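Please keep the sequence and the three-dimensional view at hand while reading.

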Amino acid sequence: MSIIKERLNAGLFTENPLFVQILATCPTLAVSTSITNAIGMGLAATAVLVASNVVISLIRKFIPDKIRIPAFITVIAAFVTIVQFLLEGFVPTLYNSLGLFIPLIVVNCIILGRAEAYASKNTVYKSLWDGIGMGLGFTLALLALAFFRELIGAGTFLGFKIIPFYKPALLMIMPPGGFLVLGFIMATLNYFKIKKKASTEKTKELEKMERIEEVA
């Protein structure tokens, strides 16, 4: 149970692929113009991440060190192809909307990074939950960006207009708007992180002073 909590906490908060490690910013800014696209890309990336983590963990002892990166990419590409065919067959609208960014999941640095840094060094069980945690973290980060960009840039939520008589700020659904929203979210998260750290250090300092007074 502890490994589940650890990997979920890492993916969602302490090692979030986007807001902490700042990975995969290119596809993130491209597909986070709407919540629908964000959900589609997030779930597709999560499926590939989980499946490739599990398979790479299973075969990690059989892959020669010199060819591990090509081997990882081959495994990832196989699952990306499966996901691409499934989207094209069952959700063609989403498939057309995401376009080139579906096959580019193959070289998504989050997926390849987890294969190299975690799956190739840990058990299948741990790698499974690492994939789930990182996938959920990436999906939630995409959703956070898409929510603000769609709301401000189009005045809609999931494609439905929710702000009457609103004049959309089209900048927000363009690349500069994506950078602005990403910057504001990261600044806010860092502010609270620093504030929490300062509060923790202050509490420890007070406890230390109390112990010194008790001894004295």
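How many helices and strands does the secondary structure of the protein chain come to? The model, which is predicted, has eight helices and two strands. The C-alpha atoms occupy a box of roughly 75 × 60 × 30 Å along the principal axes. The chain has 216 residues, and buried residues make up 37% of them. When contacts between residues at least 6 apart in sequence are considered, 74% join residues at least 24 apart.

The helix pairs may be examined next. Two packed helices are described by the angle between their axes and by the distance between those axes. Helix α3 covers residues 35-59 and helix α7 covers residues 124-154; they pack at an angle of about 165°, and their axes are 8 Å apart. Angles over 145 degrees count as roughly antiparallel, and α3 and α7 are therefore roughly antiparallel to each other. Their crossing is right-handed. The residues of this contact between α3 and α7 comprise 20 nonpolar, eight polar and two charged.

Helix α7 also meets helix α1. The axes of α1 and α7 come within 7 Å and cross at roughly 30°. Angles under 35 degrees count as roughly parallel, so α1 and α7 are roughly parallel to each other. This crossing, too, is right-handed. On the side of α1, the contact includes Ile3, Ile4 and Arg7, while α7 contributes residues including Tyr125, Trp129 and Asp130. The residues of the contact of α1 with α7 divide into eleven nonpolar, three polar and three charged.

The interior is the next subject. In soluble globular proteins, nonpolar side chains tend to be buried together. In this model, the largest nonpolar core has 26 residues, of which Met41, Val48, Leu87, Ile105 and Phe138 touch the most other members. Helices α3, α4 (68-90), α5 (92-98), α6 (109-117) and α7 each supply at least two residues of this core. Helix α3 gives the most, with seven residues. A separate core consists of nine residues, among them Leu18, Leu145, Val181 and Ile185.

What does Val48 touch, not counting residues up to four places away in sequence? The residues in question are Ile76, Phe79, Val80, Val83, Ile105 and Ile111.

Thr28 lies in helix α2, which covers residues 25-31. Is Thr28 buried or exposed? Its relative accessibility is 0%. Buried means under 20% relative accessible area, and Thr28 therefore counts as buried. Apart from neighbours within four places in sequence, Thr28 is in contact with Leu18, Phe138, Leu142, Leu145 and Arg149. Phe138 was named above as a member of the largest nonpolar core, whereas Leu18 and Leu145 were named in the other core.

Gly153 is found in helix α7 and counts as buried because its relative accessibility is 1%. Although Gly153 and Thr33 are 120 residues apart along the chain, their C-alpha atoms are separated by 8.2 Å. Leaving out residues up to four places away in sequence, Gly153 touches Phe148, Pro168, Ala169, Leu170, Met172 and Ile173.

Attention may now turn to the loops. Ile22 is in the loop between α1 (2-14) and α2, and Ala24 lies in the loop between α1 and α2 as well. The phi angle of Ile22 is near 55°, a positive value in a residue other than glycine. For Ala24, phi is likewise near 55°. With 45% relative accessibility, Ile22 counts as partly exposed, whereas Ala24, at 7%, counts as buried.

Asn108 belongs to the loop between α5 and α6. This residue counts as buried because its relative accessibility is 6%. Beyond residues up to four places away in sequence, Asn108 touches Ala24, Pro27 and Phe138. The C-alpha atoms of Asn108 and Ile76 are separated by 9.6 Å, and the two residues are 32 apart along the chain.

Terms used
Residues are numbered from 1 along each chain as its sequence is written. This is a predicted model: local features need pLDDT of at least 70, side-chain atom pairs count only at pLDDT 80 or more; totals for chains, interfaces and linings use all residues. Side-chain values use heavy atoms; hydrogens and water are left out. Axes are lines fitted to C-alpha atoms, for helices over the stretch in contact, and angles run from 0 to 180 degrees between N-to-C directions. Helices (H or I, at least four residues) and strands (E, at least two) are DSSP runs, numbered from the N terminus. Angles under 35 degrees count as roughly parallel, over 145 as roughly antiparallel, 65 to 115 as roughly perpendicular and the rest as oblique. A crossing is left-handed if the near helix is turned anticlockwise from the far one by less than a right angle, and right-handed if clockwise. Ala, Val, Leu, Ile, Met, Phe, Trp, Tyr, Cys and Pro count as nonpolar, Asp, Glu, Lys and Arg as charged, and the others, Gly among them, as polar. A nonpolar core is a set of buried Ala, Val, Leu, Ile, Met, Phe, Trp, Tyr and Cys residues joined through side-chain atoms within 4.5 Å. Buried means under 20% relative accessible area, exposed over 50%, partly exposed in between (1.4 Å probe, protein chains only). Contact means heavy atoms within 4.5 Å.
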